[in-house]
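Subject: Structure handover

Hello,

Here is the structure for you to look over. My notes follow below it.

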Amino acid sequence: MIYTLVMFCVCPLQNYELALKYFQKAAEQGWVDGQLQLGTMYYNGIGVKRDYKQALKFFNLASQAGHILAFYNLAQMHATGTGVMRSCHTAVELFKNVCERGRWSERLMAAYRSFKDGDMDGSLVQYLLLAEQGYEVAQSNVAFILDQTEARIFNENETYPRALLHWTRAAAQGYTVARIKLGDYHFYGYGTDVDYETAVIHYRLASEQQHSAQAMFNLGYMHEKGLGIKQDIHLAKRFYDMAAEASPDAQVPVFLALFKLGLVYTLQYMHNLNMTELVSQVDLDQLLGPEWDLYLMTVIALLLGTVIAYRQRQHQAVPPRPPPLLAPARPPQEQPQPEDQVQPEVPPQAEEEQQ
């Protein structure tokens, strides 16, 4: 009903004030197109004073529902700096969202269905076509399938280098998992040579830009071991703590890592103090006196006597156990005839009491 009234007001009569009124009511009810039209009217100053802040507000509301035109208008505003600080990076991200909602998304779903059906080679080929078009999800999926070594269209020597290539492309588009994977590939030498310094660079980017707990934990480990970076136990603890704060899932691994780190630090501290030489240099005769061994034996004897007296008092306080009862009689249906009855056996203790 609102949509019909709005279109009637805009097209034949061009009553922009009435159109604005109904668009506002539609936007309050959560109508996405109403939010988009309100943003357009505020952006162009149609029927209302031009207000870029209000236009940005309604474009953001429409984009949260996935409206493609809202993404496009937001990208234009960030690209030109209209009503907002100019940001080419944000504009590119928004234009990327517009591009990814094209017709080729149907191919993505077809590739996913092939993957779920177990056709890894068919799924990989479809993802490869989309990855060459710059689709970040397809690039990361290609790298994932190759990383799992489930495809057969490539040789084993080509698997990891191709996966590394697509992880690099996906990481360049801001995918955090891809950035961490690049660090892992350089750390373990998958598809490339082992390069700890390059691994540190990728982990640091993921830590600083995306606040990844996994990247922080890996940086703490590399600081602890001194791999590709200067060994520093204090910095290792700092990165471990940051990982625990960034994600609740990292608290248990961080606790174990900090426990091991504390143990290693204690052993190093004792090794640096050289405890063996320190104990050998202590003169007990000079410290406690020439008869310190007699004092020590006296203290031990007193402690031993106290323990024995305490045990005896506990033994006396225990009540005596009752004597064992006689054997119970048999049930009535199982009792023998009077001529065959026998006396129940008397326990030895009860027999002594009778005597």
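Start with helix α6, residues 88-99. Its twelve residues reach 16 Å from the first C-alpha to the last, close to the 16 Å expected at 1.5 Å a residue. Bear in mind that this is a predicted model. The buried residues of α6 are Ala91, Leu94 and Lys96. Their cover includes α5 (68-80) and α9 (136-147).

Now the chain as a whole. The protein chain has 19 helices and zero strands. It runs to 355 residues, and 29% of them are buried. Take the contacts with a separation of 6 or more: residues 24 or more positions apart account for 40% of these. The accessible surface comes to about 24,500 Å². Carbon and sulfur atoms hold 56% of that surface.

Next, helix α8, residues 120-132. It has 13 residues, which should span 18 Å at 1.5 Å a residue. The end C-alpha atoms are 18 Å apart, so the two values agree. Which residues of α8 are buried? They are Met120, Ser123, Leu124, Tyr127, Leu128, Leu130 and Ala131. Seen down the axis of α8, these buried residues fall within an arc of 165°, so they line one face of the helix. Leu129 and Glu132 are exposed on the other side of α8. Just after α8 comes glycine 134, with a positive phi of about 95°.

Glutamine 139 lies in helix α9. Is this residue buried or exposed? Its relative accessibility is 3%, and buried means under 20%, so glutamine 139 counts as buried. Leave aside its neighbours within four places in sequence. Glutamine 139 is then in contact with Ala131, Gly134, His166, Arg169, Ala170 and Gln173. Of these, Ala131 is also one of the buried residues of α8.

Last, the surface. A nonpolar patch of about 610 Å² is made by Leu263, Tyr265, Leu267, Tyr269, Met270 and Leu273. Leucine 273 lies in helix α15, which covers residues 251-273.

Best wishes

How values were computed. Residues are numbered from 1 along each chain as its sequence is written. This is a predicted model: local features need pLDDT of at least 70, side-chain atom pairs count only at pLDDT 80 or more; totals for chains, interfaces and linings use all residues. Side-chain values use heavy atoms; hydrogens and water are left out. Patches are made of residues with over 30% relative accessible area and no salt bridge: like charges are joined within 9 Å, nonpolar side chains (Val, Leu, Ile, Met, Phe, Trp, Tyr) within 5 Å. Accessible areas come from the Shrake-Rupley method with a 1.4 Å probe; for residues, only the protein chains shown count as cover. A salt bridge is a side-chain nitrogen of Lys or Arg within 4 Å of a carboxyl oxygen of Asp or Glu. Helices (H or I, at least four residues) and strands (E, at least two) are DSSP runs, numbered from the N terminus. The expected span of a helix is 1.5 Å times one less than its number of residues. Buried means under 20% relative accessible area, exposed over 50%, partly exposed in between (1.4 Å probe, protein chains only). The arc is that of the directions from the helix axis to the C-beta atoms. Contact means heavy atoms within 4.5 Å.
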